Amino acid sequence: MTGQITPPLADTTTEIPLLPLKDIVVFPHMIVPVFINEDLCINAVEHALAHQRKIFLSAFKVAGEKGDGLECTLEPPFDVYDIGTICSIMRTRKLPDGRMKVLVQGISKAEVQQLSHSEPFPLVHIKSVEEPVIVKNSPEVEAMIRATRENLEKVVSLGKVLSPDILMVLEDVTDPGRLADLVAANLGLKVQEAQSILAVYNPVERLRTVHRYLSREIEVYQMQVRIQSLAKEEISRTQREHYLREQMRAIKTELGDVDGKEELDAMWKKMDEVKLSPEAREEVSRQLRRLERMHGDTSEAALTRTHVETILALPWEVKTEDKLQLKQVKAVLDEDHHGLDQVKDRIIEYLAVKKLNPKAKSPILCFVGPPGVGKTSLGRSVARAMGRHFSRISLGGVRDEADIRGHRKTYVGAYPGRLVTSMKQVQSCNPLIMLDEIDKMGADHRGDPSSALLEVLDPEQNKNFVDHYLGVAFDLSDVFFIANCNSLDTIPGPLRDRLEIIEVSGYSEEEKLTIANQYLVPKQLKESGLSEEEVSFSRNSLTTIINSYTRESGLRGLEKQIASVCRKIARQYAEEDATDKRALIKLTPQLVQKHLGAKRFDDDFYHMEALTGVALGLAYTSYGGEVLAIETNLLPGSRAKLVLTGQLGDVMKESAQTALSYIRSKALDFKLDLKILAEHELHIHLPAGAVPKDGPSAGIALATSILSALLGKAPTSKVAMTGEITLHGKVLPIGGLKEKLLAAQREGIEHVLLPEKNRATFEQLPMNVRKRIKVTFVKSYVDVAAIMFEGLVNVFAESPATLIGDGPKDLAS
């Protein structure tokens, strides 16, 4: 029981200014600031300040709301709730914007009776309301007070933000009516809800109403916490990506980015603009229709969108115009590279055919040569000369067929092959594509990329090349393919058959000097921050670098040594820190040796002197030409035993066996002691022992070394030879002729023996290569023996060897 003992209403009436409020209900004992700007309200406040500072506050009635305590007696514009609060004005302040801030404190409740007048401010008759007196110590009241406090603390723990001072004040409040008013004032209730609480006169009933609102708040907050918890669990398990995409979509919407539909419309529009093939247009249309039916955030939609974007991004029928001014093309090629006439002629021939027949198919070239001769840079120069875009695809170490053909788009992480990717990057369907290091591809369980290239490099098939990722044919027939490699041995036959082989040989000393002066020295001076007015390389200094610090067919080592000299000179200038003009440094061989240290290569080959059992052969490797010293010793032992060392391959071992068999078969003709053959075994060694060697071209050199050991006579010095020997002594042709002759020149060889069948190849070599060394063409080994061993009678009726040139003195003439 509440112990109610007095009636709720008193008969006290009075007149008091009215201050109507918007969106707020003021409770007794509540201190709140009110902002007003209407003249009627300001006049009401000023009147109250002049008469005991009392004013009546009531909220405007919310239209359409009905219920207990929500009655309204007054007519608009002063249609406020009947129940309001008499307040005391504590402080007022006029703001710069013309408004007035009024700080009021609620005193007691009152009920509006009637409006006395509205000008110059509203004045109302009110009747004071006195709440019934209750027994405070009753168990029901105490229980309700405790429950209200606990619920308020629970609401705060669930996330409701309240001032810490309110919680402390509430601990000392024991009156149920005042507790209800304080809690209701800080709950942030709607106007009609707060007004319905204010209209309850009974303190216990009012506290019970507040408790009911508190319970509702607790349920709302608990539901909010439960929803957040469930959302977090769902996000962490399966919906995190969807949640993030929704956030991204909201962000894009705020930023004004296009949505999914606009993106699809853009794809449809681009499909109409791009000149797709009929097959590709049908595929894109089908995928876009599927995409319209999908939800934009699914993984399948993302894959389909990427697939369509890739097809639309390709250069369908987008071509660059070839430069067909042949003289201009020749000038560009000569500007970038010295020599290499065969390559330049082939490019100009193609452009000449293209000029006469615009529908001519692009050739598929393959540059073969040692490292550092400029094969890759030559491809870039050809593209610049022709006016085409350039793309380089490195095939070294590629083992996966998908690198060429791409992955099927159904796989996770699928992507197109390197060819399609290159076409997409250059945005042209007739670029020049350089297939770099085509001889260094591998094969494993994922496929053979060299087999995939068969279709790419076939002019009859690449018109309809199908990348697995695209799923539609793309025309590669206008692409100018240029491959490069160091050796043809590792390229499969069917692939090699599709390539037009062009040998890019090494450079002679004269060519290296020209290239160094025109290209390498200016380039390295610029990179080192130097100029030609500060550093000058003499011809002798470059010759010293070429012969004493580099022994190679290409130019990489030479460029590194020139760069090293430039860096040391740059350091010298930097340490001096001279502000005036720097003095010119003229590089001499002595200065070069000072900067680069001791010479790495001797001037002469280590077997230049004539030794019994030693012959000089010429070899061709992927790094250029080399001079081989072939050593043979006679050892006491069993007959017909042959020992071979020096990491020889099977072909070279068979060549050594063939040479020995030929010498033994002609033992009497060469005046050999048969007893020596019967009592000794032969040991043949080719230094250096750590370097693998193979091939048949050392046949006549092996035979010469064996014959020298059996005769006990040294062969003619400074003579090197190359040629395959047969069992009957015939000399067969060899490859790598230019590299071998350049190697002989580098090592100081004066005379070279070549197979007669290599004469035509020799005639095509540059004049500076042919005239720098004495060359003799031989048909059989008898011709070789007659030159290498003076006094040896040639008993065979063979035509004499043909001599070409007289050695280095021809160059001077």
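This is a predicted model: local features need pLDDT of at least 70, side-chain atom pairs count only at pLDDT 80 or more; totals for chains, interfaces and linings use all residues.

Modeller: Residues are numbered from 1 along each chain as its sequence is written, and side-chain values use heavy atoms, with hydrogens and water left out.

Biologist: Why is T92 called partly exposed?

Modeller: Buried means under 20% relative accessible area, exposed means over 50%, and partly exposed lies in between, with a 1.4 Å probe and protein chains only. T92 has a relative accessible area of 33%, so T92 is partly exposed. The residue is found in strand β4 (residues 83-94); strands are DSSP runs of E with at least two residues, helices are runs of H or I with at least four, and both are numbered from the N terminus.

Biologist: What does T92 touch, not counting residues up to four places away in sequence?

Modeller: T92 touches V45, L49, M100, K101 and V102 on that count, where contact means heavy atoms within 4.5 Å. T92 and L49 are 43 residues apart in sequence, and their C-alpha atoms are 9.4 Å apart in space.

Biologist: What makes G397 exposed?

Modeller: Its relative accessible area is 53%, and G397 is therefore exposed. G397 is found in the loop between β8 (390-394) and α13 (402-405).

Biologist: How do you know that α18 is mostly covered?

Modeller: Seven of the 10 residues of α18 are buried, namely S541, L542, T543, T544, I545, I546 and S548. Their cover includes α17, β14 (535-537), α19, β15 (585-587) and α20 (589-596).

Biologist: Why are α17 and α19 called oblique to each other?

Modeller: The axes of helix α17 (residues 509-527) and helix α19 (residues 556-576) come within 10 Å and cross at roughly 45°. Such axes are lines fitted to C-alpha atoms, for helices over the stretch in contact, and angles run from 0 to 180 degrees between N-to-C directions. Angles under 35 degrees count as roughly parallel, over 145 as roughly antiparallel, 65 to 115 as roughly perpendicular, and the rest as oblique. The pair α17 and α19 is therefore oblique. Residues making the contact include K512, A516 and L520 of α17 and L558, E559 and I562 of α19.

Biologist: What makes α18 oblique to α19?

Modeller: The axes of helix α18 (residues 539-548) and α19 come within 10 Å and cross at roughly 130°. That angle makes α18 oblique to α19. In this pair, L542, I545 and I546 of α18 meet L558, Q561 and I562 of α19.

Biologist: What is meant by a nonpolar core, and which residues of the largest one touch the most other members?

Modeller: A nonpolar core is a set of buried Ala, Val, Leu, Ile, Met, Phe, Trp, Tyr and Cys residues joined through side-chain atoms within 4.5 Å. The largest such core has 58 residues, of which L19, I36, I55 and L57 touch the most other members. Helix α6 (residues 203-255) gives the most to this core, with seven residues. Not counting residues up to four places away in sequence, the contacts of I55 include I16, L19, V45 and I86.

Biologist: How much of the protein chain is buried?

Modeller: Buried residues make up 47% of its 813 residues.
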